[in-house]
Amino acid sequence: MKLLSLPERLGLVSYRNQAKSEIKPHIIVDTDICNSTCPHKCTTWVCPANCYTMDEAGKVHFQVEDCIECGTCMYACDQGAVDWNFPDPEIGRGVTWNFG
Amino acid sequence: MEDKFDCIVIGGGVAGLAAAMTLARNNMKFLLIEKGEFPGSKNVSGGVLWGSDLNKLVPNYWEEEDGGWDRFINHRRLTFMDEQSSFSLDFKSSHFNEKPYTGVVVLRSKFDNWLAGKVQEAIDASDFAMDSFIATDIKVDEVIMENDKAVGIRTGEDEFFADSVIIAEGVNNLLTRQVGLQDKYVPADHMLTGIKEIIRFDQKVLEDRFQLNGLSGMSNEFVGWATNGIEGGGFLYTNRDTISLGLVLGLKDLREKKQKPYDVLNHFKQHPTIADAIKGGEVVEYSAHVVSSGDSRVMPKELYKDGILLVGEAANLLMNAGKAIQGMDYAMRSGILAAETIVEAKAKNDYTSATLKEYRKKMDDSYVMKDIKGFQDAVHLLHTDVMQNKVPNLVCDFGRQFFSIKNEPTPKSEKMLLGAIKRHSSLWELAKLGFKARKSL
């Protein structure tokens with residue numbers, strides 16, 4: 001069986017409010033903390049949806065669009081950089097699982 | 001205040017729905033609030049619902065042609081893995097075909113929604129058919145506290161009031177933290193990330209491959225090579241025409257070992273045993289969710305306070321002590337017991353801790369807290385390097401020798417075993433493990 005890449009896997013996820021171009025992010029990340037004092041930048045590998053990425057200069061970037069609301073970053077970040085919440089049903093993103 | 005509810009239940013998962021069902025059956029006026037499009041739409045489990053409490057909530061649920069559950073478990077397997085091999089403890093029995101079943105595999109988007117339909121039927125049959133509601137697409141922003149007692153909830157500009165609040169929000173328990181029952185930051189130490197694929201087959205192919213008969217199903221847990229050195233384990237459960245294949249990975253270990261969970265899942269899928277099991281399947285969903293480990297050190301300080309009860313994973317009621325991953329059954333029982341306590345509180349017209357502490361007592365007297373307390377050592381043991389790596393490697397090494405038939409003189413099994421022990425561990429280490437296991441299991 002062919003192994004799937006992460007983009008292929010996320011392509012199977014049903015996200016909410018896909019039609020809306022403007023969404024309200026449900027997670028706010030203070031990347032200034034990631035890029036100054038954080039000793040590990042672990043969200044760039046523990047996140048199952050790769051919402052946290054590191055550029056060539058080693059700087060952490062965050063995007064909420066692919067978030068599947070798992071909660072991993074809320075626990076993994078011990079630096080106080082992740083302000084985690086659930087998405088707003090009307091103007092947030094987040095998931096609707098088909099199987100769950 | 002006429003609009004006031006007896007109870008507001010936050011969250012339409014197994015715990016919240018079990019509470020709601022019990023409230024409806026006892027003619028209570030309540031509001032269940034779910035943030036998703038429908039109950040179950042944001043919920044993820046492995047998952048097997050163990051035990052027979054479902055039969056209490058929905059009597060004779062198996063008689064329904066297409067109920068919310070997928071398959072009942074009559075075949076269980078625990079597999080130790082090394083790179084090439086798998087060595088299993090395998091138990092199948094027609095004893096488990098008897099009803100009520102002792103475990104059913106569920107997919108939460110379907111199961112929770114089905115269970116919510118049953119709750120709605122119970123509401124319709126209650127005295128508050130027009131006054132109790134299941135409301136979806138609403139996110140609770142805050143539990144409203146007055147003099148440190150819960151009096152309702154706020155969502156955006158709207159407020160709803162009640163004599164009591166049952167928090168069934170799941171493991172990402174923001175409201176539990178807001179009301180002060182859990183620390184604002186919970187460290188990763190005893191939390192895990194579950195990651196899963198749903199893989200679809202032709203139903204006949206699936207039934208033949210896993211030797212399923214009618215609606216019978218199999219649950220298989222994996223320990224060892226599956227997790228690529230990360231503390232945790234793997235699972236494979238058979239649904240109607242899909243399987244749930246996934247891993248549960250220690251969050252602290254993932255952080256320290258710098259591994260991506262989806263890479264570890266692909267690693268697992270490449271094991272020869274798994275590759276053969278999933279051949280020809282099509283991945284139809286990828287999901288992930290945090291799950292607690294059952295280590296009581298991270299659990300909320302208390303299960304209640306004035307006007308508030310905590311149920312299910314919001315209270316970290318989940319445990320894997322080696323025999324099974326139990327969470328949904330704990331959710332169900334805690335939901336039932338919480339609702340029963342609210343019924344008593346209404347009769348006494350006292351929703352303070354003086355009455356609600358009875359919930360704690362009911363929980364302590366139940367199998368949930370007895371097991372969580374009684375098997376803490378097993379939880380710790382399961383997460384040691386010996387159990388996670390050395391034992392699986394040793395067992396597979398021994399298996400490879402024991403089942404190899406060569407055209408040369410065969411050494412005695414004891415010699416094979418001693419060799420395997422020396423290569424992967426030591427007699428002393430295993431003696432210690434055996435001693436601990438005897439006490440903890």
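Reader: Which kind of link do the side chains of B:Lys361 and B:Asp365 form?

Author: Side chains of opposite charge can pair when their charged atoms come close. In this predicted model, the side chains of B:Lys361 and B:Asp365 meet in a salt bridge, at 3.3 Å from N to O. Both residues belong to helix H10 (residues 353-365) of chain B, where they stand four residues apart, about one turn of the helix.

Reader: Is B:Lys361 buried or partly exposed?

Author: B:Lys361 counts as partly exposed because its relative accessible area is 49%. B:Asp365 is likewise partly exposed, at 47%.

Reader: Which parts of chain B does the pair of B:Lys269 and B:Glu197 tie together?

Author: The side chains of these two residues, B:Lys269 and B:Glu197, form a salt bridge at 2.5 Å, N to O. B:Lys269 lies in helix H7 (residues 261-269) of chain B and B:Glu197 in strand S12 (residues 191-200) of chain B, so the pair ties together parts that are 72 residues apart in sequence. Both B:Lys269 and B:Glu197 are buried.

Reader: Which residues are joined into one network by salt bridges that share partners?

Author: The network consists of B:Lys139, B:Asp141, B:Glu142 and B:Arg154. Within it, the side chains of B:Asp141 and B:Lys139 meet at 3.0 Å, N to O. B:Asp141 is partly exposed, with 31% relative accessibility, whereas B:Lys139 is buried, with 11%. Over all chains, the count comes to 35 salt bridges.

Reader: How many salt bridges are found across the interface of chain A and chain B?

Author: There are five across that interface. In a salt bridge between the chains, the side chain of A:Arg16 meets that of B:Asp137 at 2.7 Å, N to O.

Reader: How many residues of chain A are in contact with chain B?

Author: Contact involves 40 residues of chain A and 55 residues of chain B. The two chains bury about 4200 Å² between them, 60% of it on carbon and sulfur atoms. A:Met1, A:Tyr75 and A:Phe99 supply 22% of the area that chain A buries against chain B, more than any other three residues.

Methods:
Residues numbered from 1 in each chain as written. Chains lettered and ligands numbered in written order. Predicted model: local features only at pLDDT ≥ 70, side-chain atom pairs only at ≥ 80, totals over all residues. Heavy atoms only, no water. Contact = heavy atoms within 4.5 Å. Buried area = accessible area lost by both parts, 1.4 Å probe. Salt bridge = Lys/Arg side-chain N within 4 Å of Asp/Glu carboxyl O. Buried < 20%, exposed > 50% of the residue type's maximum accessible area, 1.4 Å probe, protein only. Helix = DSSP H or I, 4+ residues; strand = E, 2+ residues; numbered from the N terminus.
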